[in-house]
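Some notes on this structure follow, with attention to charged side chains and to model confidence.

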Amino acid sequence: MGNKKTTTKLSYILLALIIAAGICRFSYGFFVQKQGAHSDETWSFGLANSYYEPYIQYSDDTSEYRNVDTWITNEVFRDYLTVQKGERFAFGSVYYNMSCDTHPPLYFMLLHFLCSFFPNQYMFVIGFIINMAAYIILSIFMYKLLLLITKSEAVSLIGVLFSTFSLGMLNMTMFVRMYLCVAAVATIYSYLNAKLYYNEEKRHKVSSYILIGVTALIGALTDNFFLPYAFATTLIFCICWCVKKDFKTLWKYILSAACGIILSIVIFPKTFTSMLGSLGISIGQGSSQAAGTVVNSSTRYMPVPFQFRLALAHVNKELFGYEIFSGYKSYIGIYISCAVFVLIIVAAFMSFLFRKDAWFIKLCGRIKNGILTFFRTFNFVTLSLVCSVLITCLAAAYIADLYGLGDTGDRYIFACLPAAMVVFVLAFWRICTLIFRNRQVVISIVLALVLAASTISSGRITCTYFMECPTTMKLEDISKDSNFIIISAAKWMLVQYADKLIDCNEAFLTADYDLDNQLEKIDGHKLDGDTYILIDMTRINSTQIDIEKNNVMIDYLKPTYISNELNPSSIPEEETDPRFDLKTVLKKCKDLSFVNDLTYIGCDGLNYHRINVYKVN
């Protein structure tokens, strides 16, 4: 008994050390490696802190633009991103903002709560602190979930170690959004279901069902992608209780989960209308802002099967660093098929050659028993984890524009990533237990395999949300008391300049395709202080100017920024249009009355877009 307690304490110490190592790694990534904010991260602060104004660039119903094609002061940026005195703890404002958006309000209320302690200050690090709290919770419950399934502290610790140093966890912690929080809640939901499955005593306690209902409520109010995850998990366990003929548990279980989800819809009805909207059913006037990343069947860019393969590719890329599944043409499936075919031929040859040898007969018996044991131990908990991953990926494929979002589309499968990590560790552990009987050998092999997988995944592919771009300067270094004329790839992109230009004097943003119509407004305004012209090079033809080698942004976000525009038809399809010629754009800028000459002083990167910076002389 004493030895068991010592082992448990040692496991907790090792778990704490792994979590501490993870926090150190993620802190280095956030404070040193992360080069900027994704536009959605900036939106997080705007939706949380802007007082009854959800969007900086749209009207509340997103039917028209505001703050673009006009001069604005830094107060517009500051009021959008920060909590002002007299507006602290204004949760009604957060609720209103989220009712205009497509996401539930719980995460944004938490963000607003913390930001309210620092009025008139933009502190991006607050989002990272929330992520670290979610990471700690996720790691603890992943450990508890694996311990329930494997009854092994060592395997449970290995699972947390793999999760901590995988590319998937790095991406989740670096992205200041609600996705890591919902992943933590999803892990808790799976753990509570597993606890009900393994512990018969828990099935007779009302508190078990209350916890399931409360977790479902919190998850549904955190992110919409908790719903497909919870649906898959709940469905499998409903089948489980039917198979076991435990109808008393079944009804209590259904009631608790359903009450949690229904209550979340009562609290935030937009969840229901968003679900209908994703199915192409419109009730009243929906937010067109959703079009940027969420699509229905009539506007989807790519077929669901293709996007489902992209979702699976995101999952295995986050775990292994390789896209075993892919929506694009891939030869990995052919390689695997050939390898299996070769193994079958070798096995058939050995079966014929050694069919009468005692060692071979014994080996065949062990393989047979191992296969039977594998299927016997593949219980409803494991099945629920597998199905939750598949259903979440299917929902992401149907709802989100994974193709248009490129690498950043992985955020829509973050909710199921911990489940995928657990399944991966369980698969390795069970395969090793079939081959080796020595427990120490099994644990050593599993540890080596998961360390290799996490090293390859995080080492082979750079974290998407480091927002790494080839830059020579930072806009925030020149923004204080300066003026900016921004020629952007799209008008909605005003949001991604908000944190960069929060200390500026005045700014004017327009789109490259609409510059001709705005020159008079730009020229008829008196400016004080230094003035800079920022040109988004996403569509601009940059071949006519000498720029650093490999210093051009790769634009895989084109479908996204076009669909986010209120009038995408106004954007020319051909990028050879004169409006996208750099020399032409620069000449128009030089013709402004307050411009004697322009000096190129460097470039910054925003949301993977190269921004050329010119100082007005």
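1. A residue counts as buried when its relative accessible area is under 20%. Lys500 is therefore buried, at 4% relative accessibility. The model is a predicted one.

2. Lys500 forms a salt bridge with Glu476, with the closest N and O atoms 3.0 Å apart. Glu476 sits in the loop between α20 (439-460) and β2 (483-488), and Lys500 in the loop between α21 (494-497) and β3 (506-511), so the pair ties together parts 24 residues apart in sequence. Glu476 is partly exposed, with a relative accessible area of 36%.

3. The count of salt bridges comes to 13. One of them joins Glu53 to Arg66, at 3.2 Å between the closest N and O atoms; both residues lie in the loop between α2 (39-49) and β1 (71-73), 13 residues apart. Glu53 is partly exposed at 37%, as is Arg66 at 22%. Asp69, Lys491 and Asp514 are linked in a salt-bridge network.

4. Asp101, in the loop between α4 (91-100) and α5 (106-115), is buried but has no salt bridge. Arg177, the nearest side chain of opposite charge, is 5.0 Å away. The Asp101 side chain does make a polar contact with the side chain of Tyr55, at 3.0 Å.

5. Helix α11 (residues 226-243) spans 26 Å from first to last C-alpha, close to the 26 Å expected. Of its 18 residues, 13 are buried. Just after α11, Lys245 has a positive phi of about 60°.

6. The average pLDDT is 85, and 85% of the residues score at least 70. Residues 285-299 fall below 50, and this stretch has 36 contacts in the model beyond near neighbours in sequence. Residues 542-561 are also below 50, with 53 such contacts.

Technical notes
Residues are numbered from 1 along each chain as its sequence is written. This is a predicted model: local features need pLDDT of at least 70, side-chain atom pairs count only at pLDDT 80 or more; totals for chains, interfaces and linings use all residues. Side-chain values use heavy atoms; hydrogens and water are left out. Helices (H or I, at least four residues) and strands (E, at least two) are DSSP runs, numbered from the N terminus. The expected span of a helix is 1.5 Å times one less than its number of residues. Buried means under 20% relative accessible area, exposed over 50%, partly exposed in between (1.4 Å probe, protein chains only). Lys and Arg count as positive and Asp and Glu as negative; His and the chain ends are not counted. A salt bridge is a side-chain nitrogen of Lys or Arg within 4 Å of a carboxyl oxygen of Asp or Glu. A polar contact is a pair of N or O atoms within 3.5 Å; within protein, one must be able to donate a hydrogen and the other to accept it, and residues adjacent in sequence count only if both atoms are side-chain atoms. pLDDT is the predictor's confidence in each residue, from 0 to 100. Contact means heavy atoms within 4.5 Å.
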